[in-house]
Amino acid sequence: DVSAAQLAGVIGPDSDGRLAIQQGQLMRANGGFLVIEAWRLAAAPEGWAVLSAAIESGEIKPLSAPGIVVDTEPVKLNVRVILLAEPQSLEKLAAIDPGLTKHFPLVARFDGTALCRDAEAGDFSAFAATLANDNGFRPVAEAAAAAIYSDARRRAEKPDSVSLDFTALRTLLAEADQLAS
C-alpha cells in the first residue's frame with residue numbers, strides 16, 4: 001500500500017484514545033532501504049506526492065488523522081528508495097511528475113525476457129501461482145499453467161525465450177479471475 005498515509009504515517013488516537021504515531025513505510029525503512037513498485041505509485045498519485053516531497057526535503061512528516069489537528073517535528077529521512085518499474089509504469093509516473101529523474105537519476109535496465117532454460121514452465125507456473133495469491137486472485141489451476149507459460153513465450157517474440165513482463169502476467173491473471181467469477 002503506497003497511499004499517502006501508509007508512506008508518511010499517521011498521528012491519531014490509539015485504542016485507548018491517546019494520540020499516537022502509526023509509523024509509515026518511510027519511518028519503518030528509515031536508515032535502510034525501501035523498495036517500491038512504480039505501478040503502485042502511478043495508481044496512487046497522492047502517495048507519489050508524499051514520497052517525492054519527503055525525498056526532496058529530506059524529512060518525513062506524519063499526516064494527521066481526520067479530525068486531529070496537531071503539528072509535529074519532522075523526522076530526518078535517511079533511506080535509499082529503490083523504484084522497480086517496467087517502461088509503461090515509468091512513463092505513467094513521469095507523466096504525473098516530469099521531475100521524476102531528479103529523484104531517481106540512476107536507472108538499471110533489465111531485459112524483459114529470459115531464456116526458456118532459465119525460466120522453465122514449472123518455475124514460471126509457481127511464480128504465477130504466487131502472484132495470483134498475492135493479488136487475491138483465485139488459485140491457478142494446473143491445467144491453466146501451460147497456457148500461462150505459452151502466453152509468456154508468445155509475448156517474448158523470440159523462439160527460445162519467455163517474457164518477464166509481470167504486469168502483463170498480472171493483467172492476464174486478473175482477467176482470468178474476473179472470468180472465473
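Reply: Happy to. In what follows, helices are DSSP runs of H or I with at least four residues and strands are DSSP runs of E with at least two, numbered from the N terminus. Please keep in mind that this is a predicted model.

The largest pocket has a volume of about 1300 Å³. Its lining takes in 38 residues, and those nearest the centre are Leu83, Leu84, Ala85, Glu86 and Ala108. By class, the lining holds 23 nonpolar residues, alongside 7 polar and 8 charged ones.

Which elements each supply at least two residues of this lining? They are strand E7 (80-84), helix H5 (87-96), helix H6 (100-103), H7 and H9. E7 gives the largest share, with 5 residues.

Two of these contributors, H7 and H9, also pack against each other. Helix H7 spans residues 121-134 and helix H9 spans 166-180; their axes lie 10 Å apart, at an angle of about 65°. The crossing of H7 past H9 is right-handed. On the H7 side, the contact is made by Phe124, Phe127, Ala128, Leu131 and Ala132, while H9 brings Phe166, Leu169, Arg170 and Leu173. Sorted by class, that contact has 8 nonpolar residues and 1 charged residue, with no polar ones.

The lining of the largest pocket has its largest share from E7, and its residues include 23 nonpolar ones.

Note on methods
Residues numbered from 1 in each chain as written. Predicted model: local features only at pLDDT ≥ 70, side-chain atom pairs only at ≥ 80, totals over all residues. Heavy atoms only, no water. Axes fitted to C-alpha atoms, helices over the stretch in contact; angles between N-to-C directions. Left-handed = near helix turned anticlockwise from the far one by under 90°. Contact = heavy atoms within 4.5 Å. Nonpolar A, V, L, I, M, F, W, Y, C, P; charged D, E, K, R; others polar. 1 Å grid on protein atoms, 1.4 Å probe; cavity = no way out; pocket = protein on both sides within 12 Å on 5 of 7 lines; lining within 4 Å. Points joined across faces, edges and corners; volume = space filled by probe spheres on them.
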